[in-house]
Amino acid sequence: MAPSKKKHASSQPCVIPGGFTVLSLQFSSDGGAQHQLFVKEHKVRAEKSPRRPLDRTLFVLNVPPYCSQDVVKELFSQFGSVQSVELRDHPGSSQDSGPKLSRFFKPVEKQGFKVGYIVFQTSSSITAAKSHPHDVPLVVCTEQRPVRTGSQKWIQQYTDSFIHPDKLQQIVDSFMEDYDKRKEEEAERQRKEAEQQQEDEEGWVKVTRGPKGTKARPHSEAANKRTLHKEMRKKKRKELMNFYTWQHRNTQKEHIAELRKKFEEDKQRIALLRAQRKFKPY
């Protein structure tokens, strides 16, 4: 009897070149089509953001459009407690700077496959995600977590696009309060720097160490303006002096003549000093 050619499930993780582990994704439990996610531990030397700790961040590729941040968080919560999820169009450094905008003031996101950064509470969750069997798919839409697609999704998005005027006014007021606060802090910081770098009576400027990553300014604003004005006057005088070629040539000739005249005067002065140097014993 010939041996059976039926392939049995391996129940082992699938690792492809590049260090990525393949995870199967299935939209519903009764669906037959499967999607593949590629996960890898996030290790980038240039990454210095506290939002992506190197020992607890999982990098995910090929995230489908129907998986939002909440859905991705629920899917990977089976491997451990998830601290945060970040979905982007392209991989890159984390953007920590700038105010946090409401969804009503953000540009419309592109509908397409994305990359994700999943931060767990513990580093052991990354090992659990990478050890997940390839033949056990992650189910997106369940009874406890329904995911809308098609016309239902567009209807929900259209309904959510409307906002009450009072709520919108509250969001705007909150943003402006934060903006005014940041402006006041910036003005206070500049005022303190100006006080620390004031010139004393003799023109000396005290240079202090600034925040990490900023360049120290050894001159005050007034000193910088004076230096800039002096350089501009010198440049303007030089441009007027050398406007024509013959002016530049005559200036060089006059300079050489002055040097020769001074040289002859120095020779006569040296000869006179030598003549006056006489031996007088009495």
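Accessible areas come from the Shrake-Rupley method with a 1.4 Å probe, and for residues only the protein chains shown count as cover. On that basis, the accessible surface of the chain comes to about 22,900 Å², of which 54% belongs to carbon and sulfur atoms. The model is predicted: local features need pLDDT of at least 70, side-chain atom pairs count only at pLDDT 80 or more, and totals for chains, interfaces and linings use all residues. Residues are numbered from 1 along each chain as its sequence is written, and side-chain values use heavy atoms, with hydrogens and water left out.

**Overall architecture**

- The chain has 6 helices and 7 strands, where helices (H or I, at least four residues) and strands (E, at least two) are DSSP runs numbered from the N terminus.
- From the N terminus on, the order of elements is β-β-β-β-α-β-β-α-β-α-α-α-α.
- Of the 282 residues in the chain, 21% are buried; buried means under 20% relative accessible area, exposed over 50%, and partly exposed in between (1.4 Å probe, protein chains only).
- Among contacts (heavy atoms within 4.5 Å) with a separation of 6 or more, 66% come from residues 24 or more positions apart.

**Salt bridges**

- The chain has 7 salt bridges, each defined as a side-chain nitrogen of Lys or Arg within 4 Å of a carboxyl oxygen of Asp or Glu.
- One of them joins R52 and E86, with the closest N and O atoms 3.1 Å apart. This pair links distant parts of the chain, 34 residues apart: R52 lies in the loop between β3 and β4, and E86 in strand β5 (residues 82-88).
- R52 counts as buried because its relative accessibility is 1%, and E86 is likewise buried at 15%.
- Within helix α4, E188 and R191 are 3 residues apart, about one turn of the helix, and their side chains meet in a salt bridge at 2.4 Å, N to O.
- E188 is partly exposed at 33% relative accessible area, as is R191 at 39%.
- In helix α6 (residues 245-276), R269 and D266 are also 3 residues apart, and their salt bridge spans 2.8 Å, N to O.

**Surface and loop features**

- D173, E177, D180, E184 and E185 form a negative surface patch. Patches are made of residues with over 30% relative accessible area and no salt bridge, like charges being joined within 9 Å and nonpolar side chains (Val, Leu, Ile, Met, Phe, Trp, Tyr) within 5 Å.
- E184, found in helix α4 (residues 165-196), counts as exposed at 57% relative accessibility.
- L54 is found in the loop between β3 (35-41) and β4 (57-63), and is partly exposed at 35%.

Terms used
Lys and Arg count as positive and Asp and Glu as negative; His and the chain ends are not counted. The place of a charge is taken as NZ of Lys, CZ of Arg, CG of Asp or CD of Glu.
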